[in-house]
Amino acid sequence: MNKLHRQVAAMLVMAIALLPAGGCALINEDLDPCTVEYKVGFVFERNMLYVDAFHTQVRSVSLFAFDSDGNLAWQGHESGDALATPGYTMTLPLEPGIYDLIAWCGLNEGDAFTLAASQPRTKDDLACSIRKLTDSRGDYVEGNLNDLYHGQLDAVSIERGDGNISRQVNISLTKNTNRIHVLLHNIDGSTMGEDDFTVTVEAANGLMHHDNSILPDDGFEYRHYRKRAATVGAPTGNGRPGETITTYSTHISDIAVARLMADRHPRLVVTRNADGTRIVDLPLTDYLLMVKDDDARRPMTPQEYLDRQDEFTINFFLTGDNSWDRTMAIYINSWTVVPPQDTQI
């Protein structure tokens, strides 16, 4: 090898040594740079079982990414069988930067909820409202609301990497719909009909902000999506075989409501239709929180309890004239509540 060849070889060795270890800065500038693939997973374990139920309960996802100026940078939507696959993720095709991620899940499973803008551009466009109807009694919501979930993850950093790798962040979801079953029992044997009572929840929680807080809203009422009358039998003594079975009549109403907040006080109202008398009128969340289990192993704030417990069954007992018997306890999800002398009733 002559002197010239040795000099060329030495220069090539030096050039190779200066290349990054990952090999991403190539001499050919036309090649794609090294990338990091960012994926988003979704977790729904904010429930009373403390297990991730995303794959069994959530059927549609709408994810929005906002840049550091608060402008929409990207949005993605997915629904169907893909979400039921364990390990489901959504890929973020974003340029390097800092992003806030907001998810509304369940929007595509019904028409109960709608975003402030059909083509969102800012976070304010992601305010979510419940659809209302109007009649002579005012604004109302009825029907079995489709399940709605919210999630948010701020300041997610998207970076260039030193190799083709994948990173994942997870968004924790909160369920924003609840179902309340109200049972009225007439234990004197009088038969109750399906139309003898109207059960409603009076609230002002129909507008949810992009951060899942509740925005100011006019009051309206939630009406039942199903009601029925039934006859129930119970032993008169200790439940021994051969004892006389006493039957009593029960009126059942099922109501779906949006997110319940610990600092708000919607009212549960039961109206006796024969004369329009409100036989029950009480602060709903105050009573629901009376049965919060203060388990030292898993302490919960009042709001966390209302978010985790998405279904409530409330039992009232009536007197012979179809009035609420306030001397008897209220049963909420098998817990016993002795009603205080509420002066607002």
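The model is predicted, so a few ground rules apply: local features need pLDDT of at least 70, side-chain atom pairs count only at pLDDT 80 or more, and totals for chains, interfaces and linings use all residues. Residues are numbered from 1 along each chain as its sequence is written, and side-chain values use heavy atoms, with hydrogens and water left out.

**The overall picture**

The protein chain has 4 helices and 22 strands. Both kinds of element are DSSP runs numbered from the N terminus, with helices being H or I of at least four residues and strands being E of at least two. Of the 345 residues in the chain, 43% are buried. Here buried means under 20% relative accessible area, exposed means over 50%, and partly exposed is in between, using a 1.4 Å probe and protein chains only. The accessible surface of the chain comes to about 18000 Å², and 50% of that belongs to carbon and sulfur atoms; the areas come from the Shrake-Rupley method with a 1.4 Å probe, and for residues only the protein chains shown count as cover.

Contacts (heavy atoms within 4.5 Å) reach well along the chain: among those between residues at least 6 apart in sequence, 66% join residues at least 24 apart.

**Two cores**

A nonpolar core is a set of buried Ala, Val, Leu, Ile, Met, Phe, Trp, Tyr and Cys residues joined through side-chain atoms within 4.5 Å. The largest one here has 52 residues, and those with the most contacts inside it are Phe113, Tyr222, Leu268, Ile314, Phe316 and Ile330. There's also a second, separate core of 26 residues, which includes Tyr88, Met90, Ala103 and Val156.

Setting aside neighbours within four places in sequence, its contacts include Ile130, Val141, Leu145, Val201, Ala203 and Ala256. Ala256 belongs to strand S17 (residues 245–258) and counts as buried at 2% relative accessibility. Ala256 and Val201 are 55 residues apart in sequence, and their C-alpha atoms are 9.3 Å apart.

**The sheet**

Now for the strands. Six of them form an open sheet in the order S8-S9-S15-S13-S18-S19, with mixed pairing. S8 and S19 are at the edges with a single partner strand each, so one side of each has no neighbour in the sheet. On average, neighbouring strands are turned by 30° against each other, direction ignored; the axes are lines fitted to C-alpha atoms, for helices over the stretch in contact, and angles run from 0 to 180 degrees between N-to-C directions.

Two strands pair if DSSP finds at least two bridges between them. S9 (residues 138–141) pairs with S15 in the parallel sense over 2 bridges, and Val141 stands opposite Tyr222. S13 (residues 197–203) runs antiparallel to S15 with 4 bridges, where Ala203 has Phe220 as its bridge partner. S18 and S19 are antiparallel too, joined by 6 bridges, and Leu268 is partnered with Leu282 in S19.

S15 is covered on both faces: Phe220 and Tyr222 on one side are buried, as are Glu221 and Arg223 on the other.

**Salt bridges**

A salt bridge is a side-chain nitrogen of Lys or Arg within 4 Å of a carboxyl oxygen of Asp or Glu. By this rule there are 20 salt bridges. Three of them look like this:

| Pair | Closest N and O atoms |
|---|---|
| Asp135 and Arg223 | 2.8 Å |
| Arg223 and Glu221 | 2.7 Å |
| Arg267 and Asp281 | 2.6 Å |

Asp135 is partly exposed at 31% relative accessibility, whereas Arg223 is buried at 10%. Glu221, the other partner of Arg223 in the table, is buried as well. Asp135, Arg137, Glu221 and Arg223 are linked in a network of salt bridges.

Arg267 lies in S18 (residues 267–272) and Asp281 in S19 (residues 277–283), so this pair ties together parts 14 residues apart in sequence. Both Arg267 and Asp281 are buried.
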